[in-house]
Amino acid sequence: MTMNRTVETDAPETFIDEINQSRTGFGKKIDANPKDVEKGLAKLVLTLIELIRKLMEKQAMRRVEGGSLTDEEIERIGETLMKLEDKMQELKEVFGLEDEELNLNLGPLGDLM
Amino acid sequence: MTAFDSARFGLSQHPPKHVEQGRTAGSSGAYETSRGMKIYIYGIVDSNDGIDESVYGLKGAGVYNIPYRDIGVVASDLNGQIGDVTQDSAVEHERIVEKLMINCAVLPVKFRTVFASREDVLSMMENYYNDFRANLDRLRDKVEFGIKIIWPGEAIKARLDIDYNKDNASVNPAGPDLDSRLADSPAKRFLMKAFKNYKIDKEFKEKADGCIAVVDRLFSRVAVEKRLEKLGTDNLLLSAVYLVDKNRQHDFREAFEHTRRVHCGLKYLFSGPWPPYNFVSLPRRSQPLRDGSWSGSACDKAPQPEGVPRGNAI
């Protein structure tokens, strides 16, 4: 005897696609095997940098939205964020990392980003 | 009918002879599995009675109860490595948990949870006994339902993008002259693009929150607890699990049918009832790992075939 279970959907293929997509990067661990230790460490470091970069960007957007920035400040913040993004792109290419790899699963806290 | 299916918790009064009744973590001369044998566990139950030997679990091994005080761990011996237990065995694991649920309160344990020895199991029970007891009381006669909802997220985002470009002033509270202030250098253009994405993303999330609130209200009337995860992707609006009293399963089903009728522009995936995998709540404490084959908390979320939220409740 088992539970009288129902699994039903009007769009099975769509759900499969979306669920798979939502799991991209989930559960991946730092790859720190001896042969690929540089990439594993780079992934960890770049993930943390990316987190900080995104926090900085969000803070900047809030300040732009609030209208409290001068033209000079807008120029300076824009340049900083642009250079940060360029540098991140460069480092990702060097270590062969994709955007979706720069994430960590924090168990009950969910994903880092 | 096996003794497992019989009336009293499906658990016999007399344990199989290989199960030592009433042993505690502190007792000497602990039960040892044979060399290389590990202990695979299915769930924590609110009974310390033994199980009939005719119940078979993973790899055909006999299922038994390891008692600790007034509760127990339902387990079977595992000869080999946890790596040998493939995803195909998830159905077997689930079958055992469901059998236990017929007459017991059960805390389902994550698929592929293995302990090196009976001593380790009892040590875990000693550490977590109060938490297990509280969870068993809370989850008695409860089941879990899963709801996933897809909305036309990409189309909504595209619409927001058009609206932003068409009528920046109405979307952008910073005023219509912001663009001209931002657009006269590469750095400013970069910031303008980031700001546009920020605004669209913000409005998109507000729309999602509004839609989720409408749908969730209907389910929450029936459920006793819930875990919601929004926007797994732009289109996957909601992945939710609801804890429902066994005797209100029909009401929950009705709530789903009603939601589907009223909000017909959405796509739904409904599943259940499941054992309450997502509602076992334990503090995270480190556990000794003797063979490296077990990780995570002692009793954790197990995978559901249709996928479950990973925290981030909203």
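Reader: At what angle do helix α3 of chain A and helix α6 of chain B pack, and how far apart are their axes?

Author: Two packed helices are described by the angle between their axes together with the distance between those axes. In this predicted model, helix α3 (residues 71–95) of chain A and helix α6 (residues 186–220) of chain B pack at an angle of about 80°, and their axes are 7 Å apart. Angles of 65 to 115 degrees count as roughly perpendicular, and α3(A) and α6(B) are therefore roughly perpendicular to each other.

Reader: Which residues of α3(A) and α6(B) meet?

Author: From α3(A), the residues are I74(A), E75(A), I77(A), G78(A), E79(A), L81(A) and M82(A). They meet P186(B), A187(B), K188(B), F190(B), L191(B) and A194(B) of α6(B). Sorted by class, this contact of α3(A) with α6(B) has nine nonpolar, one polar and three charged residues.

Reader: What secondary structure do chain A and chain B have?

Author: Chain A has three helices and one strand, and its elements run β-α-α-α from the N terminus on. Chain B has seven helices and nine strands.

Reader: What percentage of the residues is buried in chain A and in chain B?

Author: In chain A, buried residues make up 13% of the 113 residues. In chain B, 42% of the 314 residues count as buried.

Reader: Let us turn to sheets. In what order do the five strands of the open sheet lie, and in which sense do they pair?

Author: Strands of a sheet pair through backbone hydrogen bonds, either parallel or antiparallel. Here the order is β1(A)-β9(B)-β6(B)-β8(B)-β7(B), and the pairing is antiparallel. The edge strands are β1 (6–9) of chain A and β7 (225–230) of chain B, each of which pairs on one side only. Neighbouring strands of this sheet are turned by 10° against each other on average, direction ignored.

Reader: Which helix packs on the sheet, and which strands does it touch?

Author: Helix α1 (residues 12–22) of chain A packs there, touching β1 of chain A together with β6 (142–150), β8 and β9 (267–274) of chain B. The direction of this helix makes about 95° with that of β6(B).

Reader: How many bridges join β8(B) to β7(B) and to β6(B)?

Author: Strand β8 (residues 236–245) of chain B pairs with β7(B) over six bridges, in the antiparallel sense. The pairing of β6(B) and β8(B) is also antiparallel and runs over nine bridges. Within β8(B), A240(B) stands opposite I147(B) and opposite L228(B), while L243(B) is the bridge partner of E225(B). Eight of the 10 residues of β8(B) are buried, so that the strand is described as mostly covered.

Reader: Which residues touch the most other members of the largest nonpolar core?

Author: In soluble globular proteins, nonpolar side chains tend to be buried together. The largest core here has 39 residues, among which I41(B), V74(B), A75(B) and V121(B) touch the most other members. The elements of chain B that give two or more residues to this core are β1, β2, β3, α1, β4 and α2 (118–139). Of these, α2(B) gives the most, with eight residues. The contacts of A75(B) include I39(B), I41(B), Y64(B), I66(B) and V121(B). A second, separate core of 28 residues includes W151(B), I212(B), A223(B) and L237(B).

Reader: Why does K99(B) count as buried?

Author: A residue is buried if 20 or more other C-beta atoms lie within 10 Å of its own. K99(B) has 24 C-beta neighbours inside 10 Å and therefore counts as buried. K99(B) is found in helix α1 of chain B, whose buried residues also include H93(B), E94(B), I96(B) and V97(B). Among the elements that cover the buried residues of α1(B) are β1 (37–45), β2 (63–68), β3 (71–79) and β4 (106–108) of chain B.

Terms used: Residues are numbered from 1 along each chain as its sequence is written. Chains are lettered from A and ligands numbered from 1 in the order in which they are written. This is a predicted model: local features need pLDDT of at least 70, side-chain atom pairs count only at pLDDT 80 or more; totals for chains, interfaces and linings use all residues. Axes are lines fitted to C-alpha atoms, for helices over the stretch in contact, and angles run from 0 to 180 degrees between N-to-C directions. Helices (H or I, at least four residues) and strands (E, at least two) are DSSP runs, numbered from the N terminus. Angles under 35 degrees count as roughly parallel, over 145 as roughly antiparallel, 65 to 115 as roughly perpendicular and the rest as oblique. Two residues are in contact if their C-beta atoms, placed from the backbone, lie within 7 Å. Ala, Val, Leu, Ile, Met, Phe, Trp, Tyr, Cys and Pro count as nonpolar, Asp, Glu, Lys and Arg as charged, and the others, Gly among them, as polar. A residue is buried if 20 or more other C-beta atoms lie within 10 Å of its own, exposed if 12 or fewer, and partly exposed in between; C-beta atoms are placed from the backbone. Two strands pair if DSSP finds at least two bridges between them. A nonpolar core is a set of buried Ala, Val, Leu, Ile, Met, Phe, Trp, Tyr and Cys residues joined through C-beta atoms within 7 Å. Lists of a residue's contacts leave out its neighbours within four places in sequence.
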